[in-house]
Amino acid sequence: TNPLKRAADKVAQAMQGDGTGPEDGIPGKPGPESPPVAEPTEPREPLPPKPEQTGPDTVSPTGQPTGADQARMAQSGSYLTTAQGARLYDTDHSLKAGRRGPVLLQDHHLREKITHFDHERIPERVVHARGAAAHGTFTSYGTAATVTKAAFLAEAVETPVFVRFSTVLGSRGSADTVRDTRGFATKFYTSEGVFDLVGNNMPVFFIQDAVKFPDVIHAGKPHPDREIPQAQSAHDTFWDFVTLHTEATHHTLWNMSDRGIPRSYRTMEGFGVHTFRLVDAEGNTTLVKFHWKPKLGVHSLVWEEAQIINGVDPDFHRRDLYDAIEAGAYPEWELGIQTFPDTPDQMFEGIDLLDPTNLVPEELAPVQPIGRLTLDRNPSNFFAEVEQVAFHPGHLVPGIDITDDPLLSGRLFSYLDTQISRLGGPNFAQIPINRPHAPVNDMLRDGMHQTAVHRGVAPYRPNSLDGGCPFTAGADMGAYVETPVRVPEATKVREAPETFQDHFSQARRFWLSMSPVEREHIIGAYTFELAKCYEQAIRERALQVLANIDAELCTGVAAGLGLPAPEPTVPLADVAPSPALSQLGHTWPTEGRVIGIITGPDGDLDGVRAVRQAVLDAEMVPLIVAPAGGTLGSGPDAVTVQRTYATARSVEFDALLLAGTPGVGSDAYGSRDAKAGLPTAQQATADPRVGLLLGEAFRHGKAIGAAKAAEQVLEAAGIPADAPGIVLGDSATTALQQVTQLLGTHRVWERFPAAA
Ligand code: HDE
């Protein structure tokens, strides 16, 4: 018997649609004694590739359209093949000498499959390894056209973008809601080539000179001996470094503030950090700092919430971004610039613009909006897009230039270099997600993973054999021409400018700009992190740094550590607060916020339905929490339960509603016989998990709405009905309106002790 022949016959049979299933003797199929295997055997027409499977690019590295090629690469055919395109009849069994015999080395499919699998992983990013990303569009207002000739910033130009958010310290599989800086990197596929704005969610950096980057990262990463802790700054090496290297003081303070634990990527600001130089068509230059302002406002978690989420849902931010986009709640930011005259000293109001540990208060230089970013499409393949995207601060377009910020200079080297080991060679710009949408016509050739088939014989200039092509363009033809900035006559030194020596006044300004609750959170964060250090000397040194920022901060942390608060060693700077730095005191849109609707086994279904609809009408996300899964009620009006008491945790909700109150009144909440069906709130009272849900939400400053009669449930959870942010209405639906208003300020801030 020829197994191959029989397999081929089998497939032919299946194609005729007899559908009898596997037979005895087909290699890899069970024998007659085995039960039939339920496995599809009938090939069907391939599904058409999903639109997003065609990838974001429109041209190949050689300028050829790539659509057809990409569709070919999508997994969409009916027959499984090898990488060489040979059809396979079995992928479940190795080729063996007899059923119980040794596996044969000649099994190419086995070797190809395993070899490829063995090499599926690439090195993760040395920093910013953990991230999530989305596609979208940037639409410019044209307001920057007065200061830059960049084509994508002219009026009403739409530019496709890909944005990747990330943490810095953790590895690829680490949790999202750790205390850390977040990356906010945007790739603009402009008509003049790719522009990357590789920023963070904090406007300042730990170091002033790129040569220190390995130091700060080695200090922040897990200890080299035991490789712990993961994705944390709460350990000795980090605090050892940032207390010895006091230029890190300002950034560290940002990390210890609520900015270090964002509620969502959608509620983060982004900053270009460095000062950049914009150039207009006449060659006039303006210094700028880039800002991303989220439409939903800047919101953070509270520390306990962040820690719980790390266990309950380590993918919290990734999931949030993906879900929001799938739900059509497209995240939006406005891009803005602060502009400064390009003076020879590159100072503004006494602030050195080349020092990346400095920010310029918005009160001194307002952020002027120049365009809007909307993220509206999730990646279709995480590896191909999110993992392989390669950003670089040196990917610039005409009209945007760099300054001599020494941190930026080092980055210009690093980002190109790192891709060579991460993406396996110099041709990473040919990977679909990295391909410019502008035509590419370079003379770069060969190398690992070259996928272009270059034509012509003269990849050099000057040449006559290719007719002198390609030609270089002038600035009037859109070439990137560096701005002829004067470099002062100087002597080679390894030294920083005098103005880089002030390490505390900007930190003090940030501290003074915080509201009492935000200060309380900062004190809590420093106390937590330093208490996790083993070395007493490091704690003491950290207190000395804090004393040089502010006495209240220092004494607060010292009290928590049980140590004396030292006196400052530098005069405290006389700086004015910048109210724009505080996250409190504003009202924001609430769309996309998540409302937990808690109900009992026999909750008033109409009430639940009504409040669910009201939440949807308010463009928020209702999640029904019930004792068990499935649906509430039956038939077409049944309400799907999204979370059970066992799977719900307060941290995934922005506010809670106690819903389903049949026959509001004492009867509904107390005296009815359990067997007759417990009303909603009675069940809630009885279940400690609901008590925990309410207690946590209360502690974390979340609005809680309920029908008046649910007061007892709140009481049982230890929540006074007259506490701030507790809304009692005739029904949960009536309470919702006020709950939404409270959500506009993100949290019920009065509940935090500092506000009392
Ligand atoms: Fe980065 N940084 N960085 N960084 N950085 C990287 O590049 C580096 C700095 C930032 O989502 C790496 O492709 C040096 C500041 C983001 O793919 C690497 C210095 C800011 C991302 C690198 C800095 C950033 C990175 C690792 C000091 C905010 C993630 C993988 C001079 C303005 C991009 C990679 C993504 C990634 C080097 C400082 C932001 C090693 C040497 C300041 C958002 O090249």
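**Reading a helix, a core and a domain contact**

Modeller: Let's start with what packs over one helix: the cover of the buried residues of α15 includes β13 (594–598), β14 (621–626), β15 (631–632), β16 (639–640), β18 (655–658) and α20 (732–743). Those labels are DSSP runs numbered from the N terminus, helices being H or I of at least four residues and strands E of at least two. Bear in mind that this is a predicted model, where local features need pLDDT of at least 70 and side-chain atom pairs pLDDT 80 or more, while totals for chains, interfaces and linings use all residues. Residues are numbered from 1 along each chain as its sequence is written.

Colleague: Which residues of α15 are the buried ones?

Modeller: Buried means 20 or more other C-beta atoms within 10 Å of the residue's own, exposed means 12 or fewer, and partly exposed is in between, with C-beta atoms placed from the backbone. In α15 the buried set is G607, V608, V611, R612, A614 and V615. They sit on the same side of α15, because they span an arc of only 160° around the axis (the arc of directions from the helix axis to the C-beta atoms). As a rule, an α-helix has 3.6 residues a turn, so residues three or four places apart point the same way. On the face turned away from the buried side, α15 carries the exposed Q613, L616 and D617.

Colleague: What span should α15 have, and what does the model give?

Modeller: The expected span is 1.5 Å times one less than the number of residues. For the 13 residues of α15 (605–617) that gives 18 Å, and the end C-alpha atoms are 18 Å apart, which agrees. After α15 comes E619, with a positive phi near 60°.

Colleague: And how do I read a core?

Modeller: A nonpolar core is a set of buried Ala, Val, Leu, Ile, Met, Phe, Trp, Tyr and Cys residues joined through C-beta atoms within 7 Å. The largest one here has 101 residues, and A133, V163, F195, Y526, L546, L553 and V557 touch the most other members. Helix α13 (residues 536–547) gives the most to this core, six residues. The core lies between domain 1 (131–434) and domain 2 (513–581), because both give residues to it. Apart from it is another core of 45 residues, including L693, A707, V713 and I719.

Colleague: How many domains are there, and where do they run?

Modeller: Bounds like these come from an automatic or database domain assignment. Here we get domain 1 (131–434), domain 2 (513–581) and domain 3 (594–755). The centres of domain 1 and domain 2, taken over C-alpha atoms, are 27 Å apart. Their contact takes 18 residues from domain 1 and 20 residues from domain 2, where contact means backbone-placed C-beta atoms within 7 Å.

Colleague: What about the annotated arginines, are R164 and R422 buried or partly exposed?

Modeller: An unreviewed UniProt entry has a "binding site" annotation covering R125, R164, F213, R411, Y415 and R422; such positions are given in the numbering used here, feature names are shortened, and annotations may be inferred rather than shown by experiment. R164, in strand β2 (residues 158–167), counts as buried because it has 24 C-beta neighbours inside 10 Å. R422, in helix α10 (residues 406–422), is partly exposed, with 17 other C-beta atoms within 10 Å. Beyond four places in sequence, R422 is in contact with I122, P123 and R125.

Key. Contact = placed C-beta atoms within 7 Å.
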